[in-house]
Amino acid sequence: MTAPLHIVEPTLSGDAGHCLSLVRALAGAAAPHAVTVWAGVDAGPDWPAHGRLMPHFHRRWRRLQAYGLYRKLLRQPGRILVSTAGSSDAVTAHWAAPGVIPPHKLFLFVHWLGNKAAKANLWTSLARKQPHIEILAPTASVAEFFRHCGFHATIVPYPVEPAAGIPRAAEPAAPQAFKHLLVAGGARIDKGLARVVDLVCEMQRRGLDLPIVVQASSEQRHQHDPALAAALARLRRSGYAGLRLVDDTLGPADYRALFDGAVALQPYSLADFKDRVSGVTLDALGAGAPVVTTDGTWMAALVRRFDAGVATADLSAGGLLSAIERVLADHPGYAARARVAAASVRAEFSAQALINTVLQRE
């Protein structure tokens with residue numbers, strides 16, 4: 001196939017974050033194929049990956065602009081991959097199409113179900129009208145939902161960049177000594193920020209001195225969450241001397257450096273992450289950092305597979321401290337096993353499998 005690949009990612013803006021990492025991994029895996037990335041208007045002018053970046057989407061007019069873009073792309077050669085897709089993408093593409101979308105034209109990468117499960121009737125109706133839309137899913141439960149609705153759904157690994165975008169020469173040659181606890185990624189309530197605040201306050205009450213680094217920048221769609229704002233305010237008032245807040249959005253190298261010598265904390269919501277892939281877990285293991293996370297989640301299964309951390313059902317401050325102490329009691333061992341996991345994670349979660357599914361369908 002010589003026709004171009006169009007990656008549509010309206011939420012891609014700025015020069016950092018998991019959205020950038022995801023799209024950059026996909027574009028890189030498609031090389032030397034011609035790739036155009038359709039991103040937000042705030043996406044950086046210097047595109048650090050294969051292909052060309054087209055700043056296109058304004059947040060306010062995103063759906064209208066998506067209609068115009070799909071209307072154009074569905075009428076010209078090439079394949080379309082929506083890298084973080086939802087029902088609005090499928091509905092908009094259906095409206096914009098000149099008729100039935102042909103096979104192997106439009107691929108939707110759906111990361112998790114969330115409230116999509118409540119829209120089963122809508123998805124089933126769309127499958128009848130557009131049977132050739134192909135769903136790509138990182139977990140079996142997501143794929144099974146869309147198959148039940150009538151779509152062709154393929155399980156593909158969640159793509160990560162090799163070494164989180166850092167050349168292998170920049171990686172530590174051996175596990176590093178413990179430096180700090182780390183809460184990485186955008187600040188969100190469903191990712192356990194309130195539990196992290198409880199933990200910090202408890203460490204302050206006990207007079208502990210464990211260093212902890214918390215990324216306090218929030219994703220745009222969560223910036224006006226009152227519960228998040230209250231949790232961040234409480235965290236800033238904690239007075240814990242070992243706390244370092246990272247308020248700025250980090251570039252790839254600075255983000256990757258946070259994991260050096262870290263124990264990553266992910267007390268995520270079980271209901272939201274039972275079968276949902278976490279990019280932070282993949283980043284942590286890819287950097288050789290042990291993980292403490294919620295039992296029963298996708299993250300817990302991956303961590304247990306390599307014995308590269310601890311999964312706990314007790315997400316209270318005391319429960320998290322117990323899990324942390326367990327890791328720190330054998331930090332060299334957990335860090336070494338996380339390093340072993342890194343090579344497997346990079347191979348297993350390569351973007352190549354997803355890109356091959358899109359480009360090699362016949």
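Asp247 is partly exposed, with 41% relative accessible area; the scale here calls a residue buried under 20%, exposed over 50% and partly exposed in between, using a 1.4 Å probe and protein chains only. Before I go on, this is a predicted model, in which local features need pLDDT of at least 70 and side-chain atom pairs count only at pLDDT 80 or more, while totals for chains, interfaces and linings use all residues. Residues are numbered from 1 along each chain as its sequence is written, and side-chain values use heavy atoms, with hydrogens and water left out.

Back to Asp247. Its side chain meets that of Arg236 in a salt bridge, at 2.8 Å from N to O. The pair links distant parts of the chain, eleven residues apart: Asp247 is in the loop between strand 10 (243–246) and helix 8 (252–257), and Arg236 is in helix 7 (residues 226–236). Helices (H or I, at least four residues) and strands (E, at least two) are DSSP runs, numbered from the N terminus. Arg236 is also partly exposed, at 46% relative accessibility.

By salt bridge I mean a side-chain nitrogen of Lys or Arg within 4 Å of a carboxyl oxygen of Asp or Glu. In general, side chains of opposite charge can pair when their charged atoms come close. The structure holds eleven salt bridges. Another one joins Arg188 and Asp190, at 2.7 Å from N to O. Here Arg188 is buried at 4% relative accessibility, and Asp190 is buried at 17%. There is also a network of salt bridges that links Glu202, Arg205 and Arg206.

Strand 8 (residues 180–183) and strand 11 run parallel and are joined by three bridges. Leu181 has Val263 in strand 11 as its bridge partner.

Contact means heavy atoms within 4.5 Å.

Leu208 is in the loop between helix 6 (193–206) and strand 9 (212–215). What does Leu208 touch, leaving aside its neighbours within four places in sequence? Leu208 is in contact with Met203, Tyr240 and Leu321.

Last, helix 13. Its 18 residues (331–348) should span 26 Å, and its end C-alpha atoms are 25 Å apart, which agrees; the expected span is 1.5 Å times one less than the number of residues. Helix 13 bends by about 25° at Ala341, the bend being the angle between axes fitted to the seven residues ending there and the seven starting there. Its buried residues include His331, Tyr334 and Val345. They pack against several elements, among them strand 11 (262–266) and helix 12 (317–329).

Arg337 forms a salt bridge with Asp307, with the closest N and O atoms 3.2 Å apart. Arg337 lies in helix 13 and Asp307 in the loop between helix 11 and strand 13, so this pair ties together parts 30 residues apart in sequence.

Methods:
Two strands pair if DSSP finds at least two bridges between them.
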